[in-house]
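Thanks for coming, everyone. Let me put the structure up, and then we'll walk through a few parts of it.

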Amino acid sequence: MKRHIKWLLTVLMVFMMVSFIRGNSAKADTTEDGHYQYSISSDNEVTKYGPVEGYKPEGVFEVPEKINGMNVVSIDGSLCQDLVGVTKVVIPRYVRKFEYSGLPVRMFSVCINLQEIEVDSNNQYFSSISGVLYDKKIKTVICYPQNKLGDEYKIPSTIERIEEGAIVNNRVKHIYMEDSVLYIGEMAFCADEKLESIKFSKNIRFIGADAFYNCTELKGKIDLENVKYLGIGAFCMCNKIESVSIPKIIKINSSCFYKCCNLKDITLGNEVKELGCDAFCETDIKTLHIPQSVSVLEAGALEEMKSLSKLIFHSKVFIDSDYYRCPEWTTKINHDTLLFYDPTCDFSKVKEPIGISKIIGHSDSTAQSFAQKENIVFESFSLELPRDVSLLQAEQKKIEISTNTEGDITWVSNDSSVVTVDESGILKGKKPGTTQVTASVVLGGIRYESSSEVSVQPNGDRMDVPEASKQPSQPINTDSSGKESATFNGISVNTDKIVMDKGKQIALPSVENKTDQTLVYRVANQKIAQLTKQGKIQGKSIGTTKLIIETDDGKYKVELKLVVKGITVNKSIILTKKGSKSKLRIKENVPGKVKFRVKNNKIVSITKAGEIKAKKVGVTNIVIFVGRYQEVCRVQVGRIRLKKTTLSIKRGGSKKIQVIQNTTGMRIKYKSLNANIASISKDGRIQAKRKGTVKIRVMTCDNKIVTVCTVKVKS
């Protein structure tokens, strides 16, 4: 869902609506007293206290305890925009609520200079600690002032709930939650652009819509082990998040992780039933498992996942869900390989599966029949171990496995007194002898397994290494063949340098371990290369880093130079009109001359220096070659821009999509991806029918240039 920053729209809406609300309120019920106004209830209490229209208090805004002997019991939240100059708010004894007149924001959420909220100690409904507003029992965070000094906020251990908009657009960088927190409300941290880290409660169950929307500095791993519900756009545009774990989630709503462009890994459990529209759109996830529990995969859930190379279906969701409300998906798919664990998937609705280079599945399954029909490469699931493995007593060795399943592999040793094997397939010799080690995986109810005969040999005589000599060092020796090897005391590696290609996987180097310690492997720069669960090195991006091998006690260590080779280019380029130019950004660390091939040279041309020139409206690919390496850049000529890429309409209402730029020179047409929620006329007028979210495609008459407007229909 392409949309403007929702927080800014919300603030703008507040300013536009206030005058309307005031103009339509009952003037006869309002009393003005100097710069302030209020109403008097039938119980002779003062309600809706706040500044008169046009008056903007500065400094301290102190609400009086009584007016003419009557208790002040509520503050008018619809006047919140008039408190932008206030640095401190004082809430007296009898105030028990804030009245919002229907506005969808909290009372103080636009008070950009507010540093402190003070509450009378005798107030029975609210309290404050260090300038933060809570309920009386300190169970709910109501407002953390936007301009409060300090970059850390440690939430009290009694807090169970963080209210809607409680910590919006703040200067705080680090949040620490106790495990008492169960609920995070809608827009609770919305647009906190300085927020870098959060220690989440382990017991959070609910995170509301847009709770962390546009928290652009929020980094690292998000571990939400007990969250069952994520609202629409919960982590939308948190573009520095790298990993998310939500094993107990039931539904991932629309746009939950939209434009989390650094999100590389997500863990879903077997309780999730629905993946909403744009759920993972424009993330950097490379391998995605769709759990067996998923029954609904909405249109666009996986759109624009340009790094996704493996999409693994554990159920029939691929063909049985609302995903086919967007049948164009199969013509745009860029996922090189699809894996189908369910042997009975029905492919009857799939049309033009362009972009699939390989399908992996069970032999004699419907997936194999479909691949043969569509002339797609088919590969049967396989799992294979070496026939024989030998190691010394107390030695550790990783058993090499050849598999294409991506499933969770289970390892078993028939005699753990001879050899043990851990969950990663690392063997450890315990005593001399022979036994069998088996690896197995279950896919769609079908079991695959393979076994190795493992022999453990007794150690020869050896001299212990004196403690004085155990100093970190990495000498390079030469073996009898003249080949350099990295060695240190009890660790010896058969090479001092590893060279690999970007995007490829290679086995770890052979290591001789004569210590009694477990060896630990790690890569210094995870952006260049990473270690897989199968014990291989995967090249992520071109560059040079180190593979570090050390004992788990840190006393012995060897560092090997690790070079990832290849080329990097722009993934896509948009040229607005005929004659426009742009230059490819190319980075390479391999020998050879850079060459280009344009798939359709009627649309663009390219010079030897990599400068692209638009010739006519359309879409094509440019293939960049350096020696045996190649990359692809998608080039689009022509653009359709909308005034708003997100619209909110009440059921039964109508709005028109406004196109502010069309450089294609072609007639524009419109298409609703779910006409049951909202339909659209030939001239771009939307008619809202029922509650829900739907995408409207705005495209040229030849369907080549497309932009999207997301429509949210409210009840």
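Start with the largest nonpolar core. This is a predicted model, and that core holds 68 residues. Phe212, Phe235, Phe257 and Phe280 have the most contacts inside it. Which elements give two or more residues to this core? There are strands S12 (132-135), S22 (240-246), S24 (265-268), S26 (287-290), S28 (310-313) and S29 (337-340), plus helix H4 (366-373).

Beyond its neighbours within four places in sequence, Phe212 contacts residues including Ile184, Phe189, Leu218 and Phe235. Cys236 and Cys238 are also in contact with Phe212.

Next, Ser201. Find it in the loop between strand S18 (197-199) and strand S19 (206-207). Is Ser201 buried or exposed? Buried, because its relative accessibility is 3%, and the cut-off for buried is under 20%. What does its side chain reach? The backbone oxygen of Val181, at 2.8 Å. A polar atom of the Ser201 side chain also lies 3.5 Å from the backbone oxygen of Glu178. Leaving out residues up to four places away in sequence, Ser201 touches Met177, Glu178, Asp179, Ser180 and Val181.

Last stop, a sheet. Here 3 strands form an open sheet, in the order S45-S49-S48, with antiparallel pairing. Strand S45 (505-507) and strand S48 (529-531) are the edges, each pairing on one side only. From one strand to the next, the twist averages 25°. S48 and strand S49 (residues 536-539) are joined by 3 bridges. Gln530 stands opposite Gln538 in S49.

Note on methods:
Residues are numbered from 1 along each chain as its sequence is written. This is a predicted model: local features need pLDDT of at least 70, side-chain atom pairs count only at pLDDT 80 or more; totals for chains, interfaces and linings use all residues. Side-chain values use heavy atoms; hydrogens and water are left out. A nonpolar core is a set of buried Ala, Val, Leu, Ile, Met, Phe, Trp, Tyr and Cys residues joined through side-chain atoms within 4.5 Å. Buried means under 20% relative accessible area, exposed over 50%, partly exposed in between (1.4 Å probe, protein chains only). Helices (H or I, at least four residues) and strands (E, at least two) are DSSP runs, numbered from the N terminus. Contact means heavy atoms within 4.5 Å. Two strands pair if DSSP finds at least two bridges between them. Axes are lines fitted to C-alpha atoms, for helices over the stretch in contact, and angles run from 0 to 180 degrees between N-to-C directions. A polar contact is a pair of N or O atoms within 3.5 Å; within protein, one must be able to donate a hydrogen and the other to accept it, and residues adjacent in sequence count only if both atoms are side-chain atoms.
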